[in-house]
Amino acid sequence: MKTLHLPTLFLTAAAVAMAQFPGLTLPPSGNNQRASVTQFIGPVSVTIEYSSPAVHGPDGKDRRGQIWGKLVPYGMTNLGFGNGKPGPWRAGANENTVFAVSHDVLVQGKRLPAGRYGLHMMAGEGDWTLIFSKNSTSWGSFFYEESEDALRVTAKPKKHEYREWLTYEFTERKPEETAVEMQWEDLALPWKVQVDKINEVYYTKLSEELRTVPGFGYQGYVQGINFLVQNDLHLDQALRWADSAISMPFVGQRTFTTLSTKAQVLTKMGKGGEAKAI
């Protein structure tokens with residue numbers, strides 16, 4: 001049996017101790033705590049998962065004024081590990097910062113399909129580049145490959161009140177869009193996330209839901225019809241739902257509510273005579 005020298009044994013044990021094996025809960029590397037923030041745009045969820053570094057380093061050193069262009073280099077830089085190629089900033093610390101959307105969205109006006117993406121950034125003294133990579137599971141940007149890009153957009157940084165910990169926030173919330181900001185030290189980087197034709201997203205969701213429990217009562221159809229009528233959307237489908245609310249076996253009921261709802265659809269379709277008859 002081969003005997004390990006004592007120094008080799010200590011080095012091997014130290015390497016094992018430092019490794020963060022799957023399934024074990026250990027302190028995050030560099031005390032960069034994990035964080036997650038989610039905002040809904042109607043039924044569409046937008047989530048950012050990230051590790052949050054501090055302006056003060058793990059040794060307590062104040063790095064204010066040393067973050068942008070130094071700790072976070074401008075442009076692409078050789079990270080000294082991984083695939084050996086120049087890479088962008090990981091937009092956080094430790095594992096990939098992940099940007100996840102439940103539906104297709106527009107980021108800075110450009111389409112990004114539903115999915116999970118590794119979020120990277122190329123910082124600069126002027127505009128920054130946001131990179132959404134199809135690879136969302138790597139450690140940092142060490143293995144970044146441009147060929148895996150799903151989308152690149154530009155955004156302009158601005159001054160911001162001091163933030164010790166890197167933070168992502170949703171700073172605007174409207175029916176069809178939200179604004180995201182990355183905030184750290186004295187800087188913020190804002191960008192827009194929009195849902196194109198959000199009423200179509202609602203319609204798709206309603207159609208799915210009326211094939212489940214809500215579709216076993218006329219009330220669900222009435223609520224769905226009201227949404228379509230109010231938004232002048234898919235009126236032919238609204239009329240079919242109205243007939244279901246009135247006469248579908250085991251579900252439909254011929255009541256003032258269901259009949260008047262069908263009359264509203266017919267009126268919206270310009271069929272006033274039929275509406276009066278109902």
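The 29 positive and 28 negative charges of the protein chain have mean positions 2 Å apart. In this count Lys and Arg are positive and Asp and Glu negative, while His and the chain ends are not counted; each charge is placed at NZ of Lys, CZ of Arg, CG of Asp or CD of Glu. The model is predicted, with local features needing pLDDT of at least 70 and side-chain atom pairs counting only at pLDDT 80 or more, whereas totals for chains, interfaces and linings use all residues. Residues are numbered from 1 along each chain as its sequence is written, and side-chain values use heavy atoms, with hydrogens and water left out.

The protein chain has six helices and twelve strands (DSSP runs numbered from the N terminus, helices being H or I of at least four residues and strands E of at least two). Its radius of gyration is 27 Å, well over the 19 Å that the globule rule gives for 278 residues, so the chain is more spread out than a compact globule. The radius is taken over C-alpha atoms, and the rule is 2.2 Å times the number of residues to the power 0.38. Along the principal axes, the C-alpha trace spans about 95 × 55 × 35 Å.

Of the contacts in the protein chain with a separation of 6 or more, 55% are between residues 24 or more positions apart; contact here means heavy atoms within 4.5 Å. The accessible surface of the chain is about 15,500 Å², and carbon and sulfur atoms hold 55% of that area. Such areas come from the Shrake-Rupley method with a 1.4 Å probe, and for residues only the protein chains shown count as cover. Of the 278 residues, 43% count as buried, where buried means under 20% relative accessible area, exposed over 50%, and partly exposed in between (1.4 Å probe, protein chains only).

The structure holds twelve salt bridges, each defined as a side-chain nitrogen of Lys or Arg within 4 Å of a carboxyl oxygen of Asp or Glu. One of them joins Asp149 and Arg152, at 2.8 Å from N to O. Asp149 is buried because its relative accessibility is 18%, while Arg152, at 28%, is partly exposed.

Another pairs Glu169 with Arg163, whose closest N and O atoms are 2.4 Å apart. Here Glu169 is partly exposed at 28% relative accessible area, and Arg163 is partly exposed at 23%.

A further salt bridge links Glu177 and Lys174, with the closest N and O atoms 4.0 Å apart. Glu177 counts as buried at 15% relative accessibility, whereas Lys174 is partly exposed at 45%. Through shared partners, salt bridges connect Glu172, Lys174, Glu177 and Lys192 into one network.

The backbone also deserves a look at two loop residues. Asn94 is not a glycine, yet has a positive phi of about 60°. Asn94 lies in the loop between strand 4 (86–87) and strand 5 (97–101) and is buried, with a relative accessible area of 6%.

Gln108, also not a glycine, has a positive phi of about 55°. The loop that holds Gln108 runs between strand 6 (105–107) and strand 7 (110–112). At 30% relative accessibility, Gln108 counts as partly exposed.
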